Amino acid sequence: MPVTPDTSDTKDLGFSQAQAQENFRKVTDLMGKGQQMMMEFWTREHTAPPMVTDPMGFMSTWQKAWTAMLSDPAKLLEMQQKYMTDAMALWQSFLSPDAEKPAIRDKRFANAAWAESPAFDFLRQSYLLTASHFMEAAHSLDGLEPAEKAKAQFIIKQFVDAMSPSNFALTNPEVLKATAETGGANLLKGLEHLLGDLQTGRMKMTDENAFEVGRNVAITPGKVVFQNRLLQLIQYTPTTQTVYEIPLVIFPPWINKFYILDLTAEKSFIRWAVEQGITVFVASWKNADASIADATVDTYVEEGIFAAVNAVREICNTPSTHAIGYCVAGTTLAAAMAVLESRGDAANIATATFFTAQVDFEEAGELKFFVDDPSVETLDKVTEDKPVLDGRFMATTFNLLRSNDLIWNYVVNNYMLGKDYFPFDLLYWNSDATNVPARWHQQYIRDMYRENLLVKPGGMNVCGVPIDLKTVKTPIYIQGGKEDHIAPARSAFKLTKAFSNEARFVLAGSGHIAGVVNPPSAKKYQHWTGDSSAANLDEFIAGATEHKGSWWPDWLAWLTPRSGPQVKPRVPGEGPYKAIEDAPGAYVKERI
């Protein structure tokens with residue numbers, strides 16, 4: 001028999017009996033819909049992926065950090081007393097109506113709802129105070145190896161960020177306000193988003209239905225003129241009356257889709273380069289499957305870089321081509337150049353440009369926290385008896401490096417506020433993950449990140465050649481991102497010392513993506529030029545000159561004097577390699 005709630009006293013609370021019954025009905029309806037959605041989801045998704053306990057060794061590092069903190073009682077007491085003093089000062093400032101309130105610049109607490117209530121204002125300030133003391137303690141840990149201490153700091157920051165009151169519905173005034181205004185519809189919508197993300201295996205960040213590769217992203221005209229099991233080679237249609245003799249082939253990272261360099265007409269580096277009179281080619285890597293499960297560094301050099309370079313040279317009837325390597329593709333391009341030197345074919349590549357790439361991984365940043373023993377063991381388990389590593393695994397790893405922006409921000413907006421997904425081309429690309437050959441990925445992690453073999457003369461063999469980067473004499477241009485958290489600028493600068501050649505280093509404002517994808521028309525950020533022979537990045541910055549806007553024109557001014565005379569434009573498909581299909585090709589459209 002249904003039970004009707006007793007609403008006899010609701011008038012005293014400002015509600016009529018009818019209002020109370022209607023509110024009860026709405027809440028019951030929302031709960032019923034939520035339960036139905038969850039039942040339908042679990043009925044469809046009745047299998048769950050295997051769980052890996054402490055996959056990255058975070059818990060063991062946390063225990064070591066806690067043990068190190070407890071090992072010095074005097075220091076711990078001093079930190080506790082300092083915290084209590086600051087906490088008391090904060091409390092007294094709230095008791096005093098005339099006390100000056102500090103400006104809160106943290107965007108997690110930017111909504112006016114946090115300031116409208118003294119309770120929530122105190123909550124956010126208490127959290128920020130506690131967070132600062134946690135991180136101060138993390139940076140003062142003693143008794144740990146430097147690598148272990150750095151990992152402990154990273155883990156503590158992940159914990160501190162996760163515990164923000166903005167991440168919990170009951171301690172986020174914006175969520176409470178939205179829940180009251182919508183009668184809880186925001187939470188139901190958020191549940192719908194959550195279940196949809198669980199089904200697809202990734203957190204959506206944008207309206208993925210708003211974009212389509214080849215329709216409104218990756219739209220620069222061209223043709224696929226060559227392909228093998230590893231890549232499709234796209235040649236772009238010229239837009240100038242003449243072009244430079246020496247063409248350009250771009251190798252984007254195979255862990256992402258190439259169209260980060262061709263997002264829209266306004267942001268496209270590829271389109272811009274074509275408009276400067278350069279014959280542009282790009283490698284569109286295969287979304288890995290069993291057909292390339294055997295791939296190693298040799299495969300990506302021979303069937304990837306060399307196959308593309310040779311095709312470009314034949315199509316344009318030139319002895320050489322310029323080459324760009326972005327991120328991990330830049331690392332592999334460096335190895336490929338050393339192989340060319342050993343074979344007497346160094347002239348095949350006229351110049352090499354490196355976008356946020358590394359060859360010396362000693363200072364490779366926070367990603368090194370994911371290549372220690374527990375992390376590698378987890379990777380082995382994840383890829384055990386599997387030909388490929390699911391790209392969503394890597395996407396989550398990269399998102400952890402900026403968890404507030406790329407994880408918790410979307411937990412709040414998507415799941416608690418129930419906001420509609422905002423269409424954003426960059427986030428669409430970021431969500432378009434790519435599988436990679438498991439064997440090759442493990443080799444890259446071990447040989448490059450862990451053992452740092454590439455920078456050691458003879459440390460590793462590629463295509464049967466003991467690699468020595470010092471043999472490379474090809475002119476190079478190096479771009480680093482000032483705020484790059486994936487390939488730190490300090491690490492990218494080391495390319496200036498890795499080879500025996502002419503090198504130009506430019507430091508771009510922003511990070512791993514925005515630092516690269518910064519067209520001149522946007523008039524955003526800045527870049528610094530200086531003495532590329534400086535001993536290290538600090539010395540470079542000390543003597544550098546700041547320039548407003550994009551670094552692309554600086555690169556063009558460096559490249560064009562090395563690009564030969566003007567010649568007749570090359571039309572894709574009219575040379576020795578016939579068109580296979582229109583750009584952007586089939587490989588880039590394969591989704592996980």
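Contact here means heavy atoms within 4.5 Å. In the predicted model, T545 is in contact under this criterion with H527, W528 and T529, once its neighbours within four places in sequence are left aside. T545 and T529 are separated by 16 residues in sequence, whereas their C-alpha atoms are 5.4 Å apart in space. T545 belongs to strand β15, which covers residues 545–548, and with a relative accessible area of 42% the residue is classed as partly exposed, since that class lies between the limits of 20% for buried and 50% for exposed.

At the level of the whole chain, 20 helices and 17 strands are assigned, and 50% of the 592 residues count as buried. Among the contacts in the chain with a separation of 6 or more, 80% are accounted for by residues 24 or more positions apart.

In soluble globular proteins, nonpolar side chains tend to be buried together. The largest nonpolar core of the model comprises 130 residues, and those with the most contacts inside it are L233, F251, W254, Y259, F354 and W555. Helix α10, spanning residues 297–316, supplies the largest share of this core, with 12 residues. Another core, of 9 residues, lies apart from the largest one and includes W114, A131, A138 and I156. The surroundings of F354 can be described residue by residue: not counting residues up to four places away in sequence, F354 touches G325, G330, L333, A334 and M337, together with I476, Y477, I478, Q479, L495 and F499. W555, also listed among the residues with the most contacts inside the largest core, is one of the buried residues of helix α20, the others being W552, D554, L556, W558 and L559. Because 6 of the 8 residues of α20 (residues 552–559) are buried, this helix is largely enclosed by the rest of the structure.

Two packed helices are described by the angle between their axes and the distance between the axes. For helix α12 (residues 373–382) and helix α16 (residues 438–450), the angle is about 165° and the axes are 11 Å apart, which means that α12 is roughly antiparallel to α16, as angles over 145 degrees are counted in that class. The crossing of α12 past α16 is left-handed. On the α12 side the contact is formed by D373, V376, L379 and D380, and on the α16 side by H441, Q442, I445, R446 and R450. Classified by residue type, this contact of α12 with α16 contains 3 nonpolar, 2 polar and 4 charged residues.

Helix α6 (residues 146–162) and helix α14 (residues 403–416) likewise have axes 11 Å apart, but pack at an angle of about 35°, and their crossing is right-handed. Here K157, Q158, D161 and A162 of α6 meet S403, N404 and W408 of α14, and the residues of the contact divide into 2 nonpolar, 3 polar and 2 charged.

For helix α7 (residues 173–182) and helix α8 (residues 185–200), the axes are 7 Å apart and the packing angle is about 110°; the two helices are therefore roughly perpendicular to each other. Their contact brings V175, A178, T179 and T182 of α7 against A185, N186 and L187 of α8, and by class the residues of this contact comprise 4 nonpolar, 3 polar and no charged.

Backbone geometry was also examined. Most residues other than glycine have a negative phi, and most peptide bonds are trans. N317, a residue other than glycine, has a positive phi near 55°, and T356, likewise not a glycine, has a positive phi of about 40°. N317 lies in the loop between α10 and β6 (321–326), whereas T356 is found in the loop between β7 (349–355) and α12. With a relative accessible area of 69%, N317 is exposed, while T356, at 1% relative accessibility, counts as buried. A cis peptide bond, with omega of about 10°, joins A583 and P584, and P584 is located in the segment after β17 (581–582).

Conventions
Residues are numbered from 1 along each chain as its sequence is written. This is a predicted model: local features need pLDDT of at least 70, side-chain atom pairs count only at pLDDT 80 or more; totals for chains, interfaces and linings use all residues. Side-chain values use heavy atoms; hydrogens and water are left out. A nonpolar core is a set of buried Ala, Val, Leu, Ile, Met, Phe, Trp, Tyr and Cys residues joined through side-chain atoms within 4.5 Å. Buried means under 20% relative accessible area, exposed over 50%, partly exposed in between (1.4 Å probe, protein chains only). Helices (H or I, at least four residues) and strands (E, at least two) are DSSP runs, numbered from the N terminus. Axes are lines fitted to C-alpha atoms, for helices over the stretch in contact, and angles run from 0 to 180 degrees between N-to-C directions. Angles under 35 degrees count as roughly parallel, over 145 as roughly antiparallel, 65 to 115 as roughly perpendicular and the rest as oblique. A crossing is left-handed if the near helix is turned anticlockwise from the far one by less than a right angle, and right-handed if clockwise. Ala, Val, Leu, Ile, Met, Phe, Trp, Tyr, Cys and Pro count as nonpolar, Asp, Glu, Lys and Arg as charged, and the others, Gly among them, as polar.
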